[in-house]
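The following note concerns the contact between two chains and is set out as numbered points. Please read it alongside the sequence and the coordinates.

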Amino acid sequence: VSADERLLLDLLGAVSNTAESEIDCGEFLARAAAWVERGRTFGRDLSPWRDVLRHAALCPECEEEMEALRSLLDSADFAS
Amino acid sequence: VTENRPCDAPIDPRATRKTRGPSSIGGNDVDDDALRDVVFGIDPTGDATRALTRLLRRVVARMSQGASEHDVDDLAQESLRRAIEAAPNFRGESRFTTWAIGVAARTVLTERRRRFAESENGRSRAAAADDEARALKCPKTPSPDARSKKAEILAALRDGVATALTDRQRVAVVGELRGVSSVALASKLGLSRNALYKLVHDARKNLKRALLRRGFDAEAARDVLSEGRP
């Protein structure tokens, strides 16, 4: 796969995952804490978190920040 | 308890004191609500502000190993400033401390991205992405042997990038896909991070419509993307 094709394939992935309405990075930050804190205990119903998960899939920086938060909360220093 | 609040009304976090209780996160045995009140300017004794600053500093120090004490202090203060600025967005869906740790994590990573954007590697990555965005402005004639569904949809997408996006959208979309940080892109385009996201979101919607006009929906895109995957 050429670099040009890789770019278009990545873009195609992002376009196919695009919704008419999406939360922005500010809204994501507000909701990511709740997702990280409780997401894994909500069982299989991910519908309340669809916007959060879509944003994380489309915004690598927000995903990185959410993973950093998850990692901090998993560490002994910040576990509640 | 019946709430007389419309279901779509924002939650006032200051009205949710009942749910939280003490927080031991980061060794802070200070009430989560008291820490939250700091960002709303309520801290009669100053104890909660000191506790929140300590918590943010611990996050920064953990994420910035090797940084000077001075830099850690600066980033902790910046985290506190950003938490105060973002306080209206806190809706009480999580513990306040979890949210505040998220704000500090974003502050540290944003600073790291800013430093990379100013480095030689960062500038060269941004320049390469700019060149690529400029090249994609010109429609490309599909090669005659491009008859597979994948080749057709990628040609339609490339055409969409050339014709359905503004120059700014093209720079933002290509930059983001090529790993140029939001700090660099937002600064180049004179936008906030949220406005940059909206610019890219609008660009993706334009491309989605451009593909639909050519007969390619999201399912067709997913089919192409799953080609070759087990």
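1. A crossing of two helices is called left-handed if the near helix is turned anticlockwise from the far one by less than a right angle, and right-handed if clockwise. Helices (H or I, at least four residues) and strands (E, at least two) are DSSP runs, numbered from the N terminus. By this convention, the crossing of α1(A) and α10(B) is left-handed.

2. This is a predicted model, in which local features need pLDDT of at least 70 and side-chain atom pairs count only at pLDDT 80 or more, whereas totals for chains, interfaces and linings use all residues. Residues are numbered from 1 along each chain as its sequence is written, chains are lettered from A and ligands numbered from 1 in the order in which they are written, and side-chain values use heavy atoms, without hydrogens and water.

3. Contact means heavy atoms within 4.5 Å. From α1(A), Leu9(A), Leu12(A), Gly13(A) and Ser16(A) meet Ala218(B), Ala221(B), Arg222(B), Val224(B) and Leu225(B) of α10(B).

4. Across the whole interface, 56 residues of chain B are in contact with 47 residues of chain A. The two chains bury about 4600 Å² between them, 62% of it on carbon and sulfur atoms; buried area is the accessible area (1.4 Å probe) that two parts lose on being put together, summed over both. Arg106(B), Tyr197(B) and Arg204(B) supply 14% of the area that chain B buries against chain A, more than any other three residues.

5. A salt bridge is a side-chain nitrogen of Lys or Arg within 4 Å of a carboxyl oxygen of Asp or Glu. The structure holds 35 salt bridges over all chains, and the count between chain B and chain A is 11.

6. Which residues form salt bridges with Arg113(B)? One is Glu61(A), with the closest N and O atoms 3.5 Å apart; another is Glu65(A), at 2.7 Å, N to O. Arg113(B) lies in helix α4 of chain B and Glu65(A) in helix α4 (residues 60-74) of chain A, so this pair joins two chains.
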